[in-house]
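The sequence and structure come first.

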Amino acid sequence: LPRAVIFDLDGVVVDTAHLHFMAWQRLAQRIGIHIDTGFNEQLKGVSRQGSLLRILASGGKTGSFTQAECDAMAAEKNADYVGLLAGLTTTDILPGMGELLHTLHEQGVLTGLASVSQNAPRVLRALGLEQAFNYVADTRRITHSKPHPEIFLNVCEALNISPQHAVGIEDAQAGIDALRAGGIFAIGIGATLEGANYRLASTEGLSWAVIRQQWLRHHADI
Ligand code: G6P
Ligand code: MG
């Protein structure tokens, strides 16, 4: 059985993915770029600067702004996003995730958080989840964004387990790719994800029983 479960934050533990999108959409619109929810799939799990570069590229504006202007736009998006976070409450914890964390602790399964968001500590505090994980990755120490596996491998190392003994839960294609690259069993939340070992439409159906079942099925097959 898995010895650790590693969670992404936005779109897995908490319903913030649409707030990131809203803030990016407003910024993009101001500079004359239209982005839709389909394109947003390419922003999930991608760092703030990386997301801005993708938006500029999608609007044919790569290289149209100075670094200082890009920094200002990233700061503008973040200020907007932080404002949106002010309304966050425990009701924004996604269905089943509080229970899952609780069960994992009861079962002695380690828990980790692998979010590249610099706002992760703020979000955890708003939800009263600061103590909910055995280890929370520190984005300042991560140099490669997902789909690079660095952040997940960093969590495995901190929890002192090997990647083959971990399960990762992700709502981003970049996150699923990062898990697979790291050799970690990947559970995807979302209909369009490719390459996950197991996929669900939402967190609602996710529990320790389901994780265990899928893990056993997979390890019986190989
Ligand atoms: C997560 C989200 C992305 C976001 C990134 C950086 O990966 O899925 O949408 O761009 O974190 O978040 P930050 O709060 O640092 O801007
Ligand atoms: Mg996410």
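The model is predicted. Helix 3 (residues 48-58) packs against helix 4 (residues 67-85) at an angle of about 110°, and their axes are 10 Å apart. An angle of 65 to 115 degrees counts as roughly perpendicular, and helix 3 and helix 4 are therefore roughly perpendicular to each other. On the helix 3 side, the contact involves Arg48, Gln49 and Leu52. Helix 4 contributes Cys70, Met73, Ala74 and Asn78. By type, the residues of this contact between helix 3 and helix 4 are four nonpolar, two polar and one charged.

Helix 4 also packs against helix 1 (residues 17-30): the two axes come within 9 Å and cross at roughly 140°. That angle makes helix 1 oblique to helix 4. The crossing of helix 1 and helix 4 is right-handed. Helix 1 meets helix 4 through Leu19, His20, Met22, Ala23, Trp24, Arg26 and Leu27. The partners in helix 4 are Met73, Glu76, Lys77, Asp80, Tyr81, Leu84 and Leu85. In the contact of helix 1 with helix 4, nine residues are nonpolar, one is polar and four are charged. Met73 of helix 4 takes part in the contact with helix 3 and in the contact with helix 1.

Which residues are closest to ligand 1? They are His20, Arg48, Ser117, Gln118 and Asn119, out of 16 residues that surround ligand 1. The shell around ligand 1 consists of four nonpolar, nine polar and three charged residues.

The strands form an open sheet of six, in the order 3-2-1-4-5-6, with parallel pairing. Strand 3 (135-136) and strand 6 (198-200) are the edge strands, each pairing on one side only.

| Strand pair | Sense | Bridges |
|---|---|---|
| Strand 1 (residues 4-7) and strand 4 (residues 166-170) | parallel | four |
| Strand 1 and strand 2 (residues 110-113) | parallel | four |
| Strand 2 and strand 3 | parallel | two |

Ile6 has a bridge partner in each of two strands: Gly168 in strand 4 and Gly112 in strand 2. Further along the sheet order, Leu113 stands opposite Val136 in strand 3.

Two backbone features remain. Most residues other than glycine have a negative phi, and most peptide bonds are trans. The peptide bond from Lys146 to Pro147 is cis, with omega near 15°. Pro147 is located in the loop between strand 3 and helix 7 (150-159). Where is Asn160 found? Asn160 sits in the loop between helix 7 and strand 4. Asn160 is not a glycine, yet its phi is positive, at about 60°.

Note on methods:
Residues are numbered from 1 along each chain as its sequence is written. Chains are lettered from A and ligands numbered from 1 in the order in which they are written. This is a predicted model: local features need pLDDT of at least 70, side-chain atom pairs count only at pLDDT 80 or more; totals for chains, interfaces and linings use all residues. Axes are lines fitted to C-alpha atoms, for helices over the stretch in contact, and angles run from 0 to 180 degrees between N-to-C directions. Angles under 35 degrees count as roughly parallel, over 145 as roughly antiparallel, 65 to 115 as roughly perpendicular and the rest as oblique. Two residues are in contact if their C-beta atoms, placed from the backbone, lie within 7 Å. Ala, Val, Leu, Ile, Met, Phe, Trp, Tyr, Cys and Pro count as nonpolar, Asp, Glu, Lys and Arg as charged, and the others, Gly among them, as polar. A crossing is left-handed if the near helix is turned anticlockwise from the far one by less than a right angle, and right-handed if clockwise. A residue is near a molecule or strand if its C-beta atom, placed from the backbone, lies within 6 Å of it. Two strands pair if DSSP finds at least two bridges between them.
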